[in-house]
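Please look at the model below before reading on. The paragraphs that follow go through it part by part.

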Amino acid sequence: MNQLSNHKARGSALTTLVGGIVILLAVLFFLVKLANSGYFSNVEETTTSATETRIMPVGTLAMGDGTPIGERTGEQIFNKVCLQCHAADSNVPNAPRITNNGEWAPRIAKGFDTLFNNALNGFNAMPAKGGQSDLTDDELKRVIAYMANQSGGNFEAPAVGAAPADAAASGEAAPAAAEQAAAPAASTADGKQIFESTCVACHGATSAIPNSPKITKNDEWASRIKKGKEALFKNAIEGFTGPGGGFMPAKGGNTNLSDDEVKAAVTYMVNESGGKF
């Protein structure tokens, strides 16, 4: 009898143990189901929630600070990409530091196109696009203008949200470009406009670029005006290196300008500075 009682006791304990495990597993299952019920649905159902679950992406990616590529400002790019080499207190050799006008002056004098091409393709120890390959051309232009304009320059940067620079080369823009090319260059050249877009960085009245005559500074222009307009036109179109170390790139670094447009800009600056061309 005692042996039978012991068998019954062991059987009862085993049943209790198994029952406890089953209950525990059931509780865990319902807890997991409850925890996930707000995020996922049974994908075999036809409800809105089920449809959203079926098409839910594996993950999402935000670039940098969340600003879409192509819409980042010059300051954003500088703080993310260029700061390491071009910060005001950087110690990277041969890298012009922002706000240090003397370091930027000879580079600004080469013109915006030269600065852009060097940054785009790489120059000396600087990698192409500063090592940030996802920068668009317009973003690169914005950060160049941002650094140069903080350091004595006066460049115009592409506006955020404007059509990309390469849009002008598309088939849709071709008719307008053709119409502009058909017009006589001499009749459409606007000296003041060209000065403000290309020449002001070096020849503006408040420019810090050494050895470049500043507009309205009659005494700085006087000796140059005496050489005659043809000499000034030739130097501006072909480029010029002065005896004092001053350097002007051909067409102020903007090779897209026609000869007549360069002449118009020179005439505007001279006539604002005591001359009469």
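Where does Asn154 lie? Asn154 is in the loop between α6 and α7 (174-182); helices (H or I, at least four residues) and strands (E, at least two) are DSSP runs, numbered from the N terminus. Because its relative accessibility is 41%, Asn154 counts as partly exposed. Here buried means under 20% relative accessible area, exposed means over 50%, and partly exposed is in between (1.4 Å probe, protein chains only). Asn154 and Gly204 are 50 residues apart along the chain, and their C-alpha atoms are separated by 8.6 Å.

This is a predicted model, in which local features need pLDDT of at least 70 and side-chain atom pairs count only at pLDDT 80 or more, while totals for chains, interfaces and linings use all residues. Residues are numbered from 1 along each chain as its sequence is written, and side-chain values use heavy atoms, with hydrogens and water left out.

The protein chain has 12 helices and 2 strands. Read from the N terminus on, its elements follow the order α-α-α-α-α-α-α-α-α-α-α-β-β-α. Of the 277 residues of the protein chain, 28% count as buried.

Helix α1 covers residues 2-36, and Val27 has its place there. Val27 counts as partly exposed because its relative accessibility is 43%. Val27 also belongs to a nonpolar patch on the surface, together with Leu14, Leu17, Val18, Ile21, Val22, Ile23, Leu24, Leu25, Leu28 and Leu31. The accessible area of this patch is about 1,000 Å² in all. Such areas come from the Shrake-Rupley method with a 1.4 Å probe, and for residues only the protein chains shown count as cover. Patches are made of residues with over 30% relative accessible area and no salt bridge; like charges are joined within 9 Å, and nonpolar side chains (Val, Leu, Ile, Met, Phe, Trp, Tyr) within 5 Å.

Next come the salt bridges, of which the structure holds 5. A salt bridge is a side-chain nitrogen of Lys or Arg within 4 Å of a carboxyl oxygen of Asp or Glu. One of them joins the side chains of Arg72 and Glu139 (2.8 Å, N to O). Arg72 lies in the loop between α2 (48-55) and α3 and Glu139 lies in helix α6, so this pair ties together parts that are 67 residues apart in sequence. Arg72 counts as buried because its relative accessibility is 6%, and Glu139 counts as buried because its value is 0%. Arg72 and Glu139 are also linked with Asp134 in a network of salt bridges.

Another salt bridge is formed by the side chains of Arg97 and Glu103 (2.4 Å, N to O). Arg97 is partly exposed, with a relative accessible area of 26%, and Glu103 is partly exposed at 24%. Asp259 forms a salt bridge with Lys251, and the closest N and O atoms of that pair are 3.3 Å apart. Asp259 is partly exposed, with a relative accessible area of 38%, whereas Lys251 is buried at 18%.

What about the open space? Rolling a probe the size of a water molecule over the atoms shows where empty space is left. The second largest pocket holds about 730 Å³ of space. On a 1 Å grid over the protein atoms alone, a pocket is an open set of points where a 1.4 Å probe fits, with protein on both sides within 12 Å along at least five of seven lines, and lining residues have an atom within 4 Å of a point. The 29 residues that line the second largest pocket include His86, Asn94, Pro96, Phe123 and Met126, which are the closest to its centre. The elements that give two or more residues to this lining are α3 (74-86), α4 (101-108), α5 (112-121) and α6 (137-149). The largest share, 5 residues, comes from α3.

Most residues other than glycine have a negative phi. Thr99, in the loop between α3 and α4, has a positive phi near 80 degrees. Lys129 is in the loop between α5 and α6, and its phi is positive too, near 55 degrees. Thr99 counts as partly exposed at 44% relative accessibility, whereas Lys129 counts as buried at 17%.

Technical notes:
Points joined across faces, edges and corners; volume = space filled by probe spheres on them.
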